[in-house]
Amino acid sequence: MQQPDRSTRLAATVAASARPRPLVDPLAAAPTANWGWLPALSLLSAFALVLIALANNGARVGAAWSDVLFWAGLLLLLVPAAARLVAPEAERPERIGIITLLGMGLYLVKVLHSPLSFTFSDELQHWRTAGDIIEGGYLFAENPLLPVSSLYPGLESITVALVDLSGLSLF
């Protein structure tokens with residue numbers, strides 16, 4: 001059997017591409033994720049963070065109600081998310097979203113407590129190790145506040161690299 005020449009193959013390709021194709025909605029074929037309760041939990045988490053921010057401001061002026069409001073906000077952040085995570089009908093994308101939302105929410109609780117400085121002991125200890133790396137120019141400098149930090153400086157070395165690349169402050 002003889003192979004068609006190049007011009008015959010080219011003509012067949014052009015003819016095939018000139019045929020009208022049926023219109024296909026590209027979004028109709030794409031699988032969609034079921035986010036379940038994630039949008040509602042996002043709004044609930046935002047409201048819980050507002051309550052926590054109000055509680056922090058109340059605590060700064062010595063208001064008696066600030067403790068109750070803080071714990072109510074924290075429970076409002078944690079309990080619905082935990083309840084949905086253990087629900088058997090929650091799908092994988094929803095669970096990943098809820099875990100991410102919960103992690104960011106809990107970090108924002110810390111940021112709302114002290115947004116302008118390091119105040120907790122572990123932050124200050126890691127800050128010391130990162131400062132030693134910046135000043136000395138080498139890893140594994142001894143840190144008497146947190147000896148293990150100088151032995152495993154992964155977090156601090158990434159932080160120092162970002163500080164060097166961006167020009168931002170260590171905080």
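## Surface patch, helix packing and salt bridges

Leu 78 is partly exposed because its relative accessibility is 31%, and a residue falls in that class between 20% and 50%. The model is a predicted one. Leu 78 has its place in helix α4. Together with Leu 75, Val 79 and Leu 106, Leu 78 forms a nonpolar patch on the surface. The four residues have about 320 Å² of accessible area together. Helix α4, which spans residues 66–86, gives the most to this patch, with 3 residues.

**Overall makeup**

The chain has 171 residues, and 26% of them count as buried. It contains 8 helices and 0 strands, so that the order of elements from the N terminus reads α-α-α-α-α-α-α-α. The chain exposes about 12,300 Å². Among contacts between residues at least 6 apart in sequence, 51% join residues at least 24 apart.

**Packing of α3 and α5**

Two packed helices are described by the angle between their axes and the distance between the axes. Helix α3 covers residues 38–60 and helix α5 covers residues 92–113. The two pack at an angle of about 10°, and their axes are 10 Å apart. How are α3 and α5 oriented to each other, roughly parallel or roughly antiparallel? Angles under 35 degrees count as roughly parallel, and α3 and α5 are therefore roughly parallel to each other.

The contact between these helices involves residues on both sides. On the α3 side, the residues include Leu 38, Leu 41, Leu 49, Ile 52 and Ala 53, as well as Ser 42, Ser 45, Asn 56 and Arg 60. On the α5 side, they include Ile 98, Leu 101, Leu 108, Val 109 and Leu 112, as well as Glu 94, Gly 97, Gly 105 and His 113.

**Salt bridges**

Side chains of opposite charge can pair when their charged atoms come close. The structure holds 4 salt bridges.

| Pair | Closest N to O distance |
|---|---|
| Arg 84 and Glu 89 | 3.3 Å |
| Glu 123 and Lys 110 | 3.0 Å |

In the pair of Glu 123 and Lys 110, the closest N and O atoms are 3.0 Å apart. This pair links distant parts of the chain, with Glu 123 in helix α6 (residues 121–136) and Lys 110 in helix α5, 13 residues apart. Are its two members buried or exposed? Glu 123 counts as buried because its relative accessibility is 16%, and Lys 110 is buried with a relative accessible area of 19%.

Arg 84 and Glu 89 form another of the salt bridges. Arg 84 counts as buried because its relative accessibility is 6%. Glu 89, in contrast, is exposed, with a relative accessible area of 51%.

Asp 132 counts as buried at 18% relative accessibility, whereas Arg 128 is partly exposed, with a relative accessible area of 33%. Elsewhere, salt bridges that share partners join Arg 84, Glu 89 and Glu 94 into one network.

Is Thr 129 buried or exposed? Thr 129 counts as buried because its relative accessibility is 3%. Leaving aside residues up to four places away in sequence, Thr 129 touches Asn 143, Ser 149 and Glu 156.

Leu 139 is found in the loop between α6 and α7, the latter being residues 147–151. With a relative accessible area of 36%, Leu 139 is partly exposed. Not counting residues up to four places away in sequence, Leu 139 touches Ile 133, Pro 153 and Ser 157. Leu 139 and Ser 150 are 11 residues apart in sequence, and their C-alpha atoms are 7.3 Å apart in space.

Key. Residues are numbered from 1 along each chain as its sequence is written. This is a predicted model: local features need pLDDT of at least 70, side-chain atom pairs count only at pLDDT 80 or more; totals for chains, interfaces and linings use all residues. Side-chain values use heavy atoms; hydrogens and water are left out. Patches are made of residues with over 30% relative accessible area and no salt bridge: like charges are joined within 9 Å, nonpolar side chains (Val, Leu, Ile, Met, Phe, Trp, Tyr) within 5 Å. Accessible areas come from the Shrake-Rupley method with a 1.4 Å probe; for residues, only the protein chains shown count as cover. A salt bridge is a side-chain nitrogen of Lys or Arg within 4 Å of a carboxyl oxygen of Asp or Glu. Helices (H or I, at least four residues) and strands (E, at least two) are DSSP runs, numbered from the N terminus. Buried means under 20% relative accessible area, exposed over 50%, partly exposed in between (1.4 Å probe, protein chains only). Axes are lines fitted to C-alpha atoms, for helices over the stretch in contact, and angles run from 0 to 180 degrees between N-to-C directions. Angles under 35 degrees count as roughly parallel, over 145 as roughly antiparallel, 65 to 115 as roughly perpendicular and the rest as oblique. Contact means heavy atoms within 4.5 Å.
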